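Q: I am new to this structure and would like to go through it step by step. Could we begin once it is on the screen?

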Amino acid sequence: MRALVTGGSGFIGSHLGVRLAAEGYAVRVLDNLSSGKRANLAHIRDVDFREADVRDAAAVDAAVEGCDLVFHEAAVVSVPYSVEHPQETHDVNIQGTLNVLMAARKHRVRRVVFASSAAVYGEEPTLPKHEAMAPEPITPYGVEKLAGEAYLRTWSKVYGVETVALRYFNVFGVRQDPTSAYSGVISVFADRALSGKPITVYGDGEQSRDFIDVRNVVEANWLAATTKNVSGRIYNVAMGRRTTLNDLLRMLGRIVGRELVPTYAAARVGDIRDSLADVSAARKELGFAPTVDVEVGLADLVSSLRG
Ligand code: UD2
């Protein structure tokens, strides 16, 4: 059995690759190393690495050939970048997904699992977010993930390719890059808490997110790939619990053993106030029961950063 992970040298993709290898799959990775790192591949046993871009249909076709499962994690993952470069992110995030699906149909892949995002919900303030709500993306990135979901559903209905889309909320964990301007807040705060560099909170810190450790996200992917009778479905992947940034700093402070006093700055333009998922569909239909809670995930992240 062989599985392809596009974006497999990235943060989430590399964790997924490790799990698939442990489940007995031969793991192939397609990644252009634009944000992923070669070092992340070292964690995946006997990985077959193809350095290529998802916009390259021929390279995607060759990578998909011979695979039973495809996990499509490759994307430009920055929302602000998509606002600045909508044509480029369209090409990667929509055309790239179409390339993966066309190859999956041609090579009779058993199932395609797609990394979608809470960004498809957009500004709609109702909480918690559940999958039956009308998506109202407000950024190119959100539009692109929604288009990917629609393509997946269509491939399952029209061509009989089994597909599942997972709407990730705020994923954090080991190997998430803290250095980019677009890094997830937990990777930034953990890095700064340990190095003693100043921490900036944009806004009053009472905004909240549904943070989820990457190991739970890997489990959701595994269930999405292996559960029967869920083709064409879309699921939120989160804890169903929200944590404010101020709470996060208190938790981190306990873990590193000193109080963390941030600087408060103006809220980011376009920042949403609160985010929370209803995860009952994934629980009911996939049997998704996350085992790593936020505080444990944070403690593990800190100890891995300490080395
Ligand atoms: C998340 C996703 C994004 C998209 C979006 C949809 C991540 C990394 N990003 O963006 O891809 O799906 O949700 O809504 O999961 N913050 C600070 N200080 C810092 C960095 C961030 O206060 O140094 C704040 C930031 O202003 C925001 C919160 O922390 O209020 C979370 O920021 P983020 O960039 O981790 O994630 P988010 O929710 O904006």
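This is a predicted model: local features need pLDDT of at least 70, side-chain atom pairs count only at pLDDT 80 or more; totals for chains, interfaces and linings use all residues.

Q: How many residues surround the ligand, and which are the closest?
A: The ligand is surrounded by 19 residues. The closest are S117, V185, Y202, R209 and D271.

Q: How far is the side chain of R209 from an oxygen atom of the ligand?
A: An N or O atom in the side chain of R209 is 2.6 Å from an oxygen atom of the ligand.

Q: And the side chain of D271?
A: For D271, an N or O atom of the side chain is 2.5 Å from an oxygen atom of the ligand.

Q: What about Y202: which part of that residue is involved, backbone or side chain?
A: The backbone is involved: one of the N or O atoms in the backbone of Y202 lies 2.8 Å from a ligand oxygen atom.

Q: How much of the ligand does the protein cover?
A: On its own the ligand has 740 Å² of accessible area, and the protein covers 84% of that.

Q: Which elements give two or more residues to the shell?
A: These elements are helix 7, residues 185-195, and strand 8, residues 200-202.

Q: What is the make-up of the shell by class?
A: The shell around the ligand has 10 nonpolar residues, six polar residues and three charged residues.

Q: Changing topic to the helices: how do helix 5 and helix 6 pack?
A: Helix 5 covers residues 86-106 and helix 6 covers residues 140-158. Their axes come within 9 Å and cross at roughly 15°. Because angles under 35 degrees count as roughly parallel, helix 5 is roughly parallel to helix 6. The crossing is right-handed.

Q: What about helix 9 and helix 11?
A: Helix 9, residues 245-256, packs against helix 11, residues 294-306, at an angle of about 50°, and the axes are 10 Å apart. That angle makes helix 9 oblique to helix 11. Their crossing is right-handed.

Q: Back to helix 7 for a moment: at what angle does it pack with helix 11?
A: Helix 7 and helix 11 pack at about 50°, with 10 Å between their axes. Helix 7 is therefore oblique to helix 11. Helix 7 passes helix 11 in a right-handed crossing.

Q: One more topic, the backbone. Is the peptide bond from L127 to P128 cis or trans?
A: The bond from L127 to P128 is cis, with omega near -10°.

Q: Where does P128 lie?
A: P128 is in the loop between strand 5, residues 111-117, and helix 6.

Q: And what is phi of L33?
A: Phi of L33 is near 60°, a positive value in a residue other than glycine. L33 lies in the loop between strand 2, residues 26-31, and helix 2, residues 38-41.

Conventions:
Residues are numbered from 1 along each chain as its sequence is written. Side-chain values use heavy atoms; hydrogens and water are left out. A residue is near a molecule or strand if one of its heavy atoms lies within 4 Å of it. A polar contact is a pair of N or O atoms within 3.5 Å; within protein, one must be able to donate a hydrogen and the other to accept it, and residues adjacent in sequence count only if both atoms are side-chain atoms. Accessible areas come from the Shrake-Rupley method with a 1.4 Å probe; for residues, only the protein chains shown count as cover. Helices (H or I, at least four residues) and strands (E, at least two) are DSSP runs, numbered from the N terminus. Ala, Val, Leu, Ile, Met, Phe, Trp, Tyr, Cys and Pro count as nonpolar, Asp, Glu, Lys and Arg as charged, and the others, Gly among them, as polar. Axes are lines fitted to C-alpha atoms, for helices over the stretch in contact, and angles run from 0 to 180 degrees between N-to-C directions. Angles under 35 degrees count as roughly parallel, over 145 as roughly antiparallel, 65 to 115 as roughly perpendicular and the rest as oblique. A crossing is left-handed if the near helix is turned anticlockwise from the far one by less than a right angle, and right-handed if clockwise.
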